[in-house]
Structure formats: C-alpha cells, structure tokens
Amino acid sequence: MIDKIKASAAEALSDVKDGATVMIGGFGTAGMPFTLIDALIAQGAKHLTVVANNAGNGDTGLAALLKAGRVRKILCSFPRQTDSWVFDELYRAGKIELEVVPQGNLAERIRAAGAGIGAFYSPTGYGTLLAGNRETRRINGRDYVLESPIQGDVALIRAHKGDRWGNLVYRKTARNFGPVMAMGARTTIAEVSEVVALGVLDPEAIITPGIFVQRIVKVADATGQQPSQE
Amino acid sequence: MSATLANLKKLSRNEMAKRVARDIPEGAYVNLGIGLPTLVANFLPEDREVFLHTENGLLGMGPAPKQGEEDPDLINAGKQPVTALPGAAYFHHADSFAMMRGGHLDICVLGAFQVSVTGDLANWHTGEPSAIPAVGGAMDLAIGAKRTFVVMEHLTKAGESKIVPTCTYPLTAKACVARIYTDLAVIDVTPGGLLVRDIVPGLSVSELAGLTKVALADGREPPAGA
C-alpha cells in the first residue's frame, strides 16, 4: 500500500543533505510551512540554498532558519520588508548571498524545472539591472531575456488537505508558490492541516496531483500565523 | 501669472486615486500596486463591476475585512488582510503572473520614483549602495498589463520633477507607461511625446512644463460647445 503520510516532520526531513537547494513556500507568512522549517532547523542541514518569495518575517519560520546560520544563499523576489531584520543583518554583515529575481520569473523558473523546460524567454526585466548579462532576443517586436529553470532538491510547502497518494488542495491565497514548488523539486514535503481518505478530495478540484508530492506531514494548527506587515 | 507651489491647488492622495478610478471602465481586469494605487479601489463606484487582481493569487478581491474577521490565508500583495467577492478565484503564482505577462490584465496602476518622457519606469530601487534590493512583482506588473498607469506626486519633496528626460534611478521596465496621474495633471505618454489631458485649475500647460522641465503638449479636449 502506498502511504506518503509520515509520522513526523523529523522523519519526513531526515535525509536533507548539507548544500541542498531547499524551496520554501509562502508569500510572507501565508502558506509558510512553519512546522517543516522548525524540523529542518532541528535536523541540522547546513550550507543550504533557499528559494522563497521573501527572506523571512519576524523571528520564526524562514527567519529562524536564517538566524540559525544554515543558509548560504537565498534566491527571492522581495527580501526587504519591515519585519525582515534577521535577513537584513545577515546581508549587511556579508553572511548571506542574495539573488533577487522578479516574482513572476521566480515562479516561472521553478515551474520550468518541474515541466522539463530547458530555458525560456521572458519579457520581465529586459533592459534592467536584473537582466544581468543574460542572452536577449527580439521576438515579434518584443524584447526578451533568456531565463533558466530553478531546480530544487527539496520543497517544503504548506497545503490545506492531503491524502496518502499525495494529492493536495490549498487554502485561499496561501496556495501561492506551493503548486509550482511541488513540481520543481525532486522531493516535495507538504505539511497539511488535515489528512483525508482517498477519494474524499474531488478529482476535479485537486490542485496538486500526488505525482508531485513525495511526503505529507499532518500539523496541528488549522491556518498559518498572523499576517506580517509588508 | 507665474504659478508658485505655495498657491497651487494640488490634488490630495485621495483625489488622485479618485481621478484614476474615473478612467477604469466596467469589466476591466485591474491590478492595483502597493501604496497610493491601492486607494483607487475605494473610489470605484459600487455599480461598476471591475475585477481586481492581486498577484499573490486572487482575482475578484474585495475590501478589507471587518475587524476580527481577518484570515491570515487571505491577503493581498501588500500582505494586508482582504476579502474575496462572490465569483472570486484563487490560483498559484505561475498562473497569476501568466495573467500579467500574457497580457490578460487590462490596467495596472503603479507608484513611481520617476517616469521618463518615453515611458520608462523606475519604481523598485533607489540604487543606493546601502539599499537592499527588493523587486517583488514590480517588473512583471510594469510590462504585463495592456495599459500601465502611474500615479505619483508630480514633484519630489525637494521640488524636482519626477517626470524626467531619462530615469536616473535603476529601471523597472522600458517604455511601459501609458498614462501618468499626478497631483497636478494627467499626462499621456505617446510616440509624439507627452500630452497633457487634464490639469488642476489655475495652472497653464506652459507653467506645468516649466515645473516639469520637459516638453509638454496640450492634449485637452476643447470644452463642450466651444
């Protein structure tokens, strides 16, 4: 019998290696997998490259992982927020490398990895600092920049409900990066508020089919933390 | 005759937002950026159906919830609690940015540090070495909608024009701005240059051009009956 439900977050994360690229879902704290991040801190993997939209809020979740000194580099679209003091201090001290990626390119680069796309031309960022020295091309009168996929070793995401085959549904805007990160990583671990029996999730309404999810952990609280300030 | 800043009747932030709202038609798919653009939603008439998109994954965004009814899983791009209207839809980030990049949104309203005479936009980074760069969805938004509107104060606190020959701040996108709403005027960016469409009472186009320090043509409709 296939059962992707793990007994604990510790068990689900036991094989994360030093130097791994870890995708972490969430937009601010909506959809942030707090339980899995805490388990990753306890697990001890270091020299990580983190892919996320933000660079942590307050002192919990992703901010706690940064504070623990486990992250060598972060790829994100919007690190600077009013409550990103942990990241700000590490960055100013030169203790973390930052790659800023426009939000839509970040999502599409992750999706591309999951979809087997070798690279793609995006109009976003053309003519700006963030295009770097990458190849550009004019197609039908519009200018594009060549963007490469971002492949994760592990994705840590939060969903609302899951079943033992790994099928997921999300809750409201907490969906954000979950579905693309599930595709873009070799091992996807989802924390869910509720585990349901096979067949309970309507096949027409499943957002992430189980093929993209390797492990599921049930967590206690029903929704995320309080929303952080911008 | 010369307009001084002291006696000009500038539009307030709410009046600027209201002026933008006037130009958003029934049925438009619209993304409102963080800050001043967010205020535009307060001035869309209730009988006008406009679809508000927020790039973190919601189409059909409603107003802020009542106190005590906030849901941490239901937020806007500024990470503030919002509501979802009947008929709203949630989607993931790649779909959300496909809506932009793919040209499905009709209008995007953004704030700005500077807009150039050719519609280049600078609104994400001051370029100061000490500033931590953070772009979010700004570059995707700027190039994504069919029309990009900018709403901003006309002058900086130091009195310098934010409409410039060439942006000195790092660019968000090139030649993307269709229309600029300021506290002094509404100005279209056209292949032939900047066209003033609307101006506050008591200010002439030539006086405005003096303050702005770029060429402005008078593109106002003649008054009815003239």
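Chain A and chain B bury about 3,800 Å² between them, with 61% of that area on carbon and sulfur atoms; buried area here is the accessible area (1.4 Å probe) that two parts lose on being put together, summed over both. On the chain A side, A:F27, A:K172 and A:T173 lose the most area to chain B, together 17% of what that side buries. The model is a predicted one, in which local features need pLDDT of at least 70 and side-chain atom pairs count only at pLDDT 80 or more, while totals for chains, interfaces and linings use all residues. Residues are numbered from 1 along each chain as its sequence is written, chains are lettered from A and ligands numbered from 1 in the order in which they are written, and side-chain values use heavy atoms, with hydrogens and water left out.

The contact, meaning heavy atoms within 4.5 Å, draws on 51 residues from chain A and 40 residues from chain B. Three salt bridges are counted between the two chains, each being a side-chain nitrogen of Lys or Arg within 4 Å of a carboxyl oxygen of Asp or Glu. A:R171 makes a salt bridge with B:D73, and the closest N and O atoms are 2.9 Å apart. There are also 21 residue pairs in polar contact between chain A and chain B, both residues at pLDDT 80 or more. A polar contact is a pair of N or O atoms within 3.5 Å; within protein, one must be able to donate a hydrogen and the other to accept it, and residues adjacent in sequence count only if both atoms are side-chain atoms.

Four elements of chain A give two or more residues to the side that touches chain B: helix 4 (85–92), strand 5 (97–100), helix 5 (103–115) and helix 6 (178–184). Helices (H or I, at least four residues) and strands (E, at least two) are DSSP runs, numbered from the N terminus. Helix 5 of chain A gives the most, with six residues. By type, the residues on this side of chain A divide into 20 nonpolar, 21 polar and ten charged. In this scheme Ala, Val, Leu, Ile, Met, Phe, Trp, Tyr, Cys and Pro count as nonpolar, Asp, Glu, Lys and Arg as charged, and the others, Gly among them, as polar.

Turning to aromatic residues, the whole structure holds four aromatic pairs over all chains. Rings of Phe, Tyr and Trp (its six-membered ring) pair if their centres lie within 6.5 Å; planes under 30 degrees apart count as stacked, over 60 as edge-to-face and the rest as tilted. A:F87 and A:Y91 form a stacked pair, 5.6 Å centre to centre with 25° between the planes. Because they are four residues apart in helix 4 of chain A, A:F87 and A:Y91 are separated by about one helical turn. A:F87 is buried at 0% relative accessibility, whereas A:Y91 is partly exposed at 29%; buried means under 20% relative accessible area, exposed over 50%, and partly exposed in between (1.4 Å probe, protein chains only).

In chain B, B:R179 lies in strand 10 (residues 177–181) and is buried, with a relative accessible area of 13%. The side chains of B:R179 and B:Y181 are joined by a polar contact of 3.5 Å.

A:H47 is partly exposed at 48% relative accessibility, whereas B:K79 is buried at 4%.
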